[in-house]
Amino acid sequence: TLLCNIGAPKDTLQREPVFQGGVVASYHLSAQIIKRSSGRSAVAAAAYRSGSRLKDARTGEVFDYSRRRGVAHAEVMGPRDAPAWMFDREKLWSSVERGEKRVDAQLAREINVALPHELTDEQRVELVRGFVEEQFVSRGMMADVAVHEPVREHGDDPRNHHAHIMLSLRKATRDGFSRTKTREWNSDQLLKDWRAAWATSQNRALGRGGLSARVDHRSLKAQKISAEQAKDWAKAAELDRAPEIHIGPRAMAA
């Protein structure tokens, strides 16, 4: 499965397909920070990912991606006590843009995940919503979720279902965003926890769907060591290979 996210992040991690009884499941989770210093806009990013037309209240610039195909589902999620305006995509990210004054401001965190093509459209949306609620909204983040499906007319791989999750860097309260950013959300350990949780969420969804495919967030090397310790020599042999490499948009275009 090819996950094509926009502006492939430097910390993109290799995907580790897992072979179980001949069934292959593909795992991918990567994270990046959307920065103004890179010439990026949170409003523009949200418009592109959601396939919508948004106006940046800070600059007056309009970003129109309403004709974009391949957006299967898009919604803004957040804590129940967050004010209603924060669930309006245009107002949410315009507020972020206005609130961050620095020319090198960090605007949002984006999590990109590959979705199991074995599931139905409804099951994929349910999977993403549950993961976002459990791992991000519960911590006080606003989350802008866009589930993308392959567009065959564009030559997309038919298994290329994935989601973009844009997250606020400040906690949402009943009065709006907190005055300070939540630094603990930047920890390497938390990213590792999210990777493990995403594998757990997918496997739970695959099991509910009656599917035998499973994913593993660990590296192939770590999985191979575990298989050898369990004396599962057949699985160890299957895992003795080079990992697939994430393919970003530039490589896909080439």
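Helix H3 (residues 121-135) lies across strands S3, S6, S8 and S9, and runs at about 25° to S6; here helices (H or I, at least four residues) and strands (E, at least two) are DSSP runs numbered from the N terminus, and angles run from 0 to 180 degrees between N-to-C directions, with axes being lines fitted to C-alpha atoms, for helices over the stretch in contact. This is a predicted model, in which local features need pLDDT of at least 70 and side-chain atom pairs count only at pLDDT 80 or more, whereas totals for chains, interfaces and linings use all residues. Residues are numbered from 1 along each chain as its sequence is written, and side-chain values use heavy atoms, with hydrogens and water left out.

The sheet comes next. Five strands form an open sheet in the order S3-S7-S9-S8-S6, with antiparallel pairing, where two strands pair if DSSP finds at least two bridges between them. Strand S3 (29-35) and strand S6 (71-77) stand at the edges with a single partner strand each, so one side of each is left without a neighbour in the sheet. From one strand to the next, the twist averages 15°. Within this sheet, strand S8 (residues 143-148) and strand S9 (residues 162-167) pair in the antiparallel sense over six bridges, and His-148 has His-162 in S9 as its bridge partner.

Helix H1 also packs on the sheet, touching S3, S6, strand S7 (106-114), S8 and S9, and its direction makes about 155° with that of S9; contact means heavy atoms within 4.5 Å. Helix H1 (residues 42-50) packs against helix H2 (residues 89-99) as well, at an angle of about 155° and with the axes 8 Å apart. That makes H1 roughly antiparallel to H2, a term for angles over 145 degrees. In this contact Ala-42, Val-43, Ala-46 and Ser-50 of H1 meet Arg-89, Trp-93, Ser-94 and Glu-97 of H2.

Elsewhere, strand S10 (residues 170-173) and strand S11 (residues 176-181) pair in the antiparallel sense over three bridges, and a hairpin joins S10 to S11 through two residues. Arg-170 stands opposite Lys-181 in S11.

Lys-181 returns in the lining of the largest cavity, together with Gln-106, Arg-109, Leu-169, Thr-182, Arg-183, Trp-185 and Asn-186; a cavity is a set of points on a 1 Å grid over the protein atoms alone where a 1.4 Å probe fits but cannot get out, and lining residues have an atom within 4 Å of a point. The largest cavity has a volume of about 50 Å³.

Definitions and conventions. Parallel < 35°, antiparallel > 145°, perpendicular 65-115°, else oblique. 1 Å grid on protein atoms, 1.4 Å probe; cavity = no way out; pocket = protein on both sides within 12 Å on 5 of 7 lines; lining within 4 Å. Points joined across faces, edges and corners; volume = space filled by probe spheres on them.
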